[in-house]
Amino acid sequence: VALLEKLDHPAIVKVKAHGQSQDVPWFAMELVDGPTLALRLAKGPLSLDEARAIFSRLLDALVHAHQHGVVHRDLKPANVLLANDGARLADFGIARLDMEAATRRTQLTRTAAILGTFPYMSPEQRAGRPVDARSDLYALGVMLYEALAGERPEGAFPPLHRQRADIPGRLDRVVRRLLQPDPKARFASAADSKRALLAALKVPIPY
């Protein structure tokens with residue numbers, strides 16, 4: 001709750017209140033009316049327009065979260081709600097505060113626990129190594145590939161443009177960069193990722 005209270009963005013499900021009742025802590029979140037991205041993908045891959053609308057908004061949410069030092073660590077289609085006014089990122093239940101990003105001074109000591117949803121975890125998260133914002137970008141890359149190809153990128157996965165004729169090679173390159181095993185080879189930030197995504201889809205960049 002302390003992490004979520006720091007976040008106030010239209011693409012992030014908000015914490016409305018919290019407290020304690022008979023020694024049991026509780027918190028309430030806003031009600032978001034809409035299916036999850038997982039339910040949408042069960043009907044088939046997204047069109048390029050759908051992918052642009054959903055993933056550019058998710059990247060906006062990550063820009064905001066990462067600016068506040070919050071790393072989600074469990075990005076997956078089931079944690080994305082498709083409301084009438086746009087996609088919302090939910091369930092920061094295993095988020096961690098990256099104090100280095102938040103204060104530029106220090107970083108919390110990591111635990112040995114490996115938390116998250118395995119198919120969407122970055123290699124460093126699977127190995128129990130320290131994670132930062134680039135780990136969220138890897139998970140988003142898995143989601144984006146899955147949303148367009150209809151399957152997750154596992155093993156020696158084929159390029160997107162070989163899966164679908166309407167996918168340009170430049171979009172494939174963006175996804176491949178998000179999925180780089182080495183965090184240093186990925187985009188440096190969610191903002192950089194969004195600029196590359198919109199450029200690949202030839203959409204005017206608003207900032």
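Is Arg-134 buried, partly exposed or exposed at its computed relative accessibility?

**Conventions.** The model is predicted, with local features requiring pLDDT of at least 70 and side-chain atom pairs counted only at pLDDT 80 or more, while totals for chains, interfaces and linings use all residues. Residues are numbered from 1 along each chain as its sequence is written, and side-chain values use heavy atoms, leaving out hydrogens and water.

**Exercise 1.** Classify Arg-134 and describe its salt bridge.

*Solution.* Step one: buried denotes under 20% relative accessible area, exposed over 50%, and partly exposed the range in between (1.4 Å probe, protein chains only). Step two: Arg-134 has 24% relative accessibility and is therefore partly exposed. Step three: a salt bridge requires a side-chain nitrogen of Lys or Arg within 4 Å of a carboxyl oxygen of Asp or Glu. Arg-134 meets this with Asp-132, their closest N and O atoms lying 2.7 Å apart. Asp-132 is also partly exposed, at 21%.

**Exercise 2.** Determine which parts of the chain the pair Glu-50 and Arg-40 ties together.

*Solution.* Step one: the two side chains form a salt bridge with an N to O distance of 2.9 Å. Step two: Glu-50 belongs to helix H2 (residues 48-67) and Arg-40 to helix H1 (residues 37-41), so the bridge links parts 10 residues apart in sequence. Helices here are DSSP runs (H or I, at least four residues), numbered from the N terminus. Step three: Glu-50 is partly exposed at 30%, whereas Arg-40 is buried at 18%.

**Exercise 3.** State how many salt bridges the whole structure contains, and examine the pair Arg-152 and Glu-154.

*Solution.* Step one: the search of the whole structure returns 10 salt bridges. Step two: Arg-152 and Glu-154 form one at 3.4 Å, N to O. Step three: Arg-152 is partly exposed at 32%, while Glu-154 is exposed at 53%. Elsewhere, salt bridges with shared partners join Glu-30, Asp-85 and Arg-88 into one network.

**Exercise 4.** Find the nearest side chain of opposite charge to Glu-146.

*Solution.* Step one: Lys and Arg count as positive, Asp and Glu as negative, and His and the chain ends are not counted. Step two: Glu-146, in helix H5 (residues 133-149), is buried and has no salt bridge. Step three: the nearest side chain of opposite charge is Arg-152, 4.1 Å away. Step four: contact means heavy atoms within 4.5 Å. Beyond neighbours within four places in sequence, Glu-146 contacts Leu-41, Pro-77, Tyr-120, Glu-151 and Arg-152.

Conventions. Helix = DSSP H or I, 4+ residues; strand = E, 2+ residues; numbered from the N terminus.
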